[in-house]
Amino acid sequence: MKDAPFSSAEPAPHPVAPPRRGRRLPVWAIAVSGVAVLLVSLSLAVSVGAVSIPLSTVWSILINKIAPETVARDWSVGREAIVWDIRFPRAILACFVGAGLAIVGASLQAVTRNPLADPHLLGISAGGAFGAILAMLHTGLFLGLLTVPLFAFLGALGATVLVLSVSQIASATSADRLVLAGVAVSFIVMSVANVLIFLGDPRATHTVVFWMLGGLGLAQWDQLLYPAAALTLCGGYLWANAGRLNAMTIGDETATTLGIPVARFRLTVFAVGALITGVMVAFSGIIGFVGLMIPHIVRLLTGGDYRRLLPVSALCGAVFLVWADIIARTIMAPDDMPIGIVTGLIGGVFFVWLLRRRIG
């Protein structure tokens, strides 16, 4: 039987742990606690910043937006604009991006049986950035607001195909070498993206470079539909196939005996992951390591069953990125530090810890 892409006769050196039974927190307790933490995090994200706004005012403004004139207005128009037009859509976008990157990372770790799989390390984020830069600096928004997300998805998908091709040409079929192929593709794609920046309009390059470092400052209500739709549709597909992802963590042959078309399903997960990543990158820039860290942390709470792992990863990813954005906005206030710097610092330390734990 011919092996599927990214598989080998030998098992992966450090495969993702298959689902295990044992003492785990009840799923309802995790869900309730997670939602409560997320609501508190969102409230603080809207409250803190260069201009601090009391939580009571934040909630009054939000309630009045949902049910007009429910609460007596005792705030200025400026504060209302800060809460509703700037900080709230930014916090919602952080939730979408964090949740999307987390479930993509978890899914890639299953289909590659590699604990280090992540859309950033596999070059998918770099491909999305390439497509977005091409649209912003060279093609123009000829499709309106849909142009950048579409180009980012095509770039992410192209990078995925390139990783597949490199891994096959170099016979890099083992799980660890897949990551090396992804890193190589990431360097190549980002080099070409830098050429596009160099050749682009100098007046726009500063904005693009800042965007490449990751940031949520351009969030707008009318643009949140795209990441919301990508997360809902693609996340729903992945969760509906959680049983297949569980089987893939055990091995290709086991999955095949269960009637799963391994090669086709793996490619589909890569394509779905590219779509989510491309759309998120289009609105947030490159934010790394979320897909690497969150699934590993969640496995300590829920175990390896993807029916629980995916939704809890989405919840924890949302909370994590909201707090990363709070840190980015407050650590150098009133300046706005790119959020990719914060996640890169935290993710780099986590990556070293994970390597030490796997090797040790």
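Predicted model: local features only at pLDDT ≥ 70, side-chain atom pairs only at ≥ 80, totals over all residues.
Helix α9 spans residues 242–250, and its buried residues are A242, L245, N246, A247, M248 and T249. These buried residues pack against five helical segments: α3 (77–112), α8 (225–240), α10 (252–257), α11 (262–284) and α13 (306–330). Just after α9, G251 adopts a positive phi of about 150°.

Helix α3 also meets helix α12, which covers residues 290–302. The axes of the two helices come within 7 Å and cross at roughly 75°. An angle from 65 to 115 degrees counts as roughly perpendicular, and α3 and α12 are therefore roughly perpendicular to each other. On the α3 side, the contact is made by G98, L101, A102, G105, A106 and Q109. Their partners in α12 are V290, G291, L292, I294, P295, H296 and R299. By residue class, the contact of α3 with α12 divides into 7 nonpolar, 5 polar and 1 charged. In general, an α-helix has 3.6 residues a turn, so residues three or four places apart point the same way.

A search of the whole structure found 0 disulfides. C234 is in no disulfide, and the nearest cysteine sulfur, that of C95, lies 18 Å away. C234 is buried, with a relative accessible area of 7%. For C316, the closest cysteine sulfur is again in C95, at 12 Å, which is too far for a bond, because a disulfide requires cysteine sulfur atoms within 2.5 Å. C316 has a relative accessibility of 27% and therefore counts as partly exposed.

Notes
Residues numbered from 1 in each chain as written. Heavy atoms only, no water. Buried < 20%, exposed > 50% of the residue type's maximum accessible area, 1.4 Å probe, protein only. Helix = DSSP H or I, 4+ residues; strand = E, 2+ residues; numbered from the N terminus. Contact = heavy atoms within 4.5 Å. Axes fitted to C-alpha atoms, helices over the stretch in contact; angles between N-to-C directions. Parallel < 35°, antiparallel > 145°, perpendicular 65-115°, else oblique. Nonpolar A, V, L, I, M, F, W, Y, C, P; charged D, E, K, R; others polar.
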